[in-house]
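Reader: I would like to go through this one term by term. Tell me what each label rests on.

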Amino acid sequence: MSDCESTTQHAARAEEHGLRAEQFLRDLNSLFAEAVRTGGDQAFLQRTLDACVRAVRGRRGFLALVHYESGEVEVCNTSGEGWSDLGRKMRLHLAQETSRGITGHVALTTQPYVTGDVDSDPYYLRYFDDVKSEIAMPVLGPNGQTRGIINIDSERPNAFDADDMAHLAALAQAAAIALGIEGFRSRETALIEIGKTLTTTLDIESLMNKVVAMTAEAIRFEDCSAFLIDAQTDHLILKATRGPLADKIGAAAYHVGDGITGWVAKYGEPVRMEDPQSDPRWRGRLNELTTDEIGAFLAVPIISRNKIVGVLRVVRRKSHAPWFSNRFTETDERVLLTIASQLGAAVENARSHARLVRSERMAAWGELSARSAHMIGNRTFALKGDLNELTYLMGTLAESEQRREIISIVESMGRGIERLEEILREFRDFVVATQLHAAECDINTIVQEAVEETFPRRSKVRLKLVLGEGIPLLSCDEKKLKRAFSELIENAVSFQPEGGEVRISSSLLSPEERATERLAHGREYVQLEFADKGPGVAGEMKEKIFLPFFTSRVKGMGLGLSIVKGIVEAHQGLLRETGKPGKGARFVIFLPLGNQENGSA
């Protein structure tokens with residue numbers, strides 16, 4: 001070869017190298033700009049792979065993405081000659097393979113790899129007969145784990161050098177940025193949709209279910225559960241979940257401070273960890289997955305107006321691939337905190353709306369009751385006066401059949417007026433139910449007096465009275481509580497016209513019993529039970545029976561149990577109906593000991 005020919009070939013190679021460098025820079029600049037605009041969709045990934053093949057002068061290549069749960073690397077894009085439909089659907093089972101292949105090796109080590117002689121390479125697995133060299137570059141996520149792999153081969157031995165490695169690394173970085181932006185935009189879209197949903201939903205149950213469902217769009221997980229704190233019981237109550245705990249919604253609970261979830265509720269700090277079973281706070285209760293399956297745990301507080309109102313938690317299953325950590329990232333934590341913050345504001349909005357509606361409804365009912373009582377009371381007083389005058393006049397008439405008939409009518413009218421006065425008293429009791437005049441009282445004495453005044457002396461219904469000893473004095477309104485107890489006794493008797501039993505008991509709850517009943521820590525409670533063996537309360541009626549003007553009885557205005565509930569809650573207590581339908585009603589009252597913050601009339 002002459003010097004002239006050598007110089008010409010060198011110049012040609014230099015020109016070719018310069019052209020390839022220019023093409024590479026154009027491709028790289030274009031891909032980085034496109035990554036910001038579009039993210040890592042299939043079209044972008046295909047253009048990236050094509051640029052990679054050009055940059056290193058490869059024969060063919062593929063781009064594969066890691067499937068975190070299965071441990072598989074799935075080919076999603078191919079470039080060059082010789083690909084079949086079967087090859088394009090190739091999946092490499094990293095968790096199961098023994099020889100792993102170059103692609104698997106790169107996925108496992110997160111390091112690039114190049115070989116100039118595939119026949120002697122310990123990792124190479126042959127897919128094409130003409131391959132002599134191969135280069136593979138990892139696409140890494142923000143946490144340093146393998147997100148994907150770009151693999152290029154050549155029919156030339158020793159085809160790839162350090163420059164090719166650098167070019168491929170730059171293009172892989174463009175792919176990583178695009179995939180990261182795509183994930184960011186997906187989370188952003190999910191957060192916007194969650195925000196829209198939460199601002200238009202006022203039902204708390206619907207709120208929780210929608211957040212649990214939509215959080216999956218922002219964070220990859222196996223299950224998500226949302227808990228809210230019951231201020232009266234100091235418990236975290238499960239409100240929504242996606243998996244096995246669904247049948248425990250409303251019943252499953254943690255004490256605030258109990259377990260990792262309870263710790264988050266108590267201290268208001270997020271917890272993010274792998275292998276939560278190794279944490280000393282772990283209790284292993286209310287698991288979405290079995291203990292052995294949980295690979296990662298993330299829980300954040302739901303905060304509203306600087307007050308912790310609940311906990312939102314997500315869990316991931318242990319990865320099938322031992323090389324891959326399924327841990328939650330700082331980004332996951334920030335996203336979940338954002339969702340929890342939106343949820344906290346939405347819960348407060350829903351509760352404020354519910355309080356407003358309830359307050360307005362109660363005010364309307366109270367005003368209606370007061371006005372009705374006043375207007376009907378005036379007419380009743382006038383009717384009683386007329387009836388007394390009529391009774392007096394009847395006494396001046398001579399005995400006759402007609403006189404006896406009129407007297408019977410007058411007596412019937414008198415009973416009607418007495419019933420009308422009972423209704424008026426019910427109206428008035430409803431209006432003043434929450435206006436307390438508190439004093440130190442013996443709760444057992446109040447119960448006994450209510451029994452003596454209400455329970456019929458001659459009745460087919462048996463009375464079983466079990467009053468506990470050692471119950472401290474209670475700061476309460478004696479008359480109001482006696483009114484509430486009398487209502488429950490009268491109901492129990494009236495629903496057993498053919499006979500039965502009424503069991504009334506009082507007791508001071510132990511710490512263990514307080515925990516079982518999900519009552520607040522640090523306070524003592526008196527429990528009062530009014531149970532019967534009547535028909536009980538149907539499941540769908542258990543909440544309705546406490547609503548004003550709701551009744552299943554012919555007698556009364558349907559205010560009795562709403563009055564009882566108002567009186568109990570005015571004493572900062574709880575009223576629950578826990579009987580089983582068909583086996584009797586069971587009303588349980590929990591009254592806290594200590595000074596009550598009540599108003600007085």
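This is a predicted model: local features need pLDDT of at least 70, side-chain atom pairs count only at pLDDT 80 or more; totals for chains, interfaces and linings use all residues.

Author: A search of the whole structure finds three cavities of 30 Å³ or more.

Reader: Why is the second largest one called a cavity and not a pocket?

Author: A cavity is a set of points where a 1.4 Å probe fits but cannot get out, whereas a pocket is an open set.

Reader: Which residues are closest to the centre of the second largest cavity?

Author: Tyr254, Thr261, Trp282, Arg285 and Arg313, out of 14 lining residues. Helix 7 (259-267), strand 11 (294-304) and strand 12 (307-317) each supply at least two residues of the lining. Helix 7 gives the largest share, three residues.

Reader: What makes up this lining, by residue class?

Author: Six residues are nonpolar, four polar and four charged.

Reader: Now the salt bridges. What makes arginine 59 and aspartate 130 a salt bridge?

Author: The N to O distance is 2.7 Å. The cut-off is 4 Å, so the pair qualifies. Arginine 59 is in the loop between helix 2 (42-55) and strand 1 (60-67). Aspartate 130 is in the loop between strand 4 (113-115) and strand 5 (133-140). They are 71 residues apart, and the pair links distant parts of the chain.

Reader: Are these two residues buried, exposed or partly exposed, and why?

Author: Arginine 59 has 29% relative accessibility, and aspartate 130 has 25%. Buried means under 20% and exposed over 50%. Both values fall in between, so both residues count as partly exposed.

Reader: How do you know that aspartate 258 and arginine 283 form a salt bridge?

Author: Their side chains come to 3.7 Å, N to O. That is within 4 Å, so the label holds. Aspartate 258 sits in the loop between strand 9 (253-255) and helix 7. Arginine 283 sits in the loop between strand 10 (271-274) and strand 11, 25 residues apart from its partner. Aspartate 258 is partly exposed at 22%, and arginine 283 is partly exposed at 47%.

Reader: Why is glutamate 487 called buried?

Author: Its relative accessible area is 12%. Buried means under 20%, so glutamate 487 is buried. Its salt-bridge partner is arginine 483, with the closest N and O atoms 3.2 Å apart. Arginine 483, at 21%, counts as partly exposed.

Reader: Which residues do shared partners join into one network?

Author: Arg59, Arg60, Glu81, Asp130 and Asp153. The whole structure has 18 salt bridges.

Reader: What makes the largest nonpolar core a core, and which residues have the most contacts inside it?

Author: Its members are buried nonpolar residues joined through side-chain atoms within 4.5 Å. It has 37 residues, and Ile443, Leu481, Phe485, Leu528 and Ile589 have the most contacts inside it. Helix 11 (478-494) is one of the elements that supply at least two residues. Helix 11 gives the most, with seven.

Reader: What does isoleucine 589 touch?

Author: Among others, Phe485, Leu488, Val526, Leu528 and Phe530, not counting residues up to four places away in sequence. Apart from this core lies another, of 29 residues, among them Phe24, Ala51, Val56 and Ala159.

Key: Residues are numbered from 1 along each chain as its sequence is written. Side-chain values use heavy atoms; hydrogens and water are left out. Buried means under 20% relative accessible area, exposed over 50%, partly exposed in between (1.4 Å probe, protein chains only). Helices (H or I, at least four residues) and strands (E, at least two) are DSSP runs, numbered from the N terminus. Contact means heavy atoms within 4.5 Å. On a 1 Å grid over the protein atoms alone, a cavity is a set of points where a 1.4 Å probe fits but cannot get out, and a pocket is an open set with protein on both sides within 12 Å along at least five of seven lines; lining residues have an atom within 4 Å of a point. Grid points are joined across faces, edges and corners, and a volume is the space filled by probe spheres set on the points. Ala, Val, Leu, Ile, Met, Phe, Trp, Tyr, Cys and Pro count as nonpolar, Asp, Glu, Lys and Arg as charged, and the others, Gly among them, as polar.
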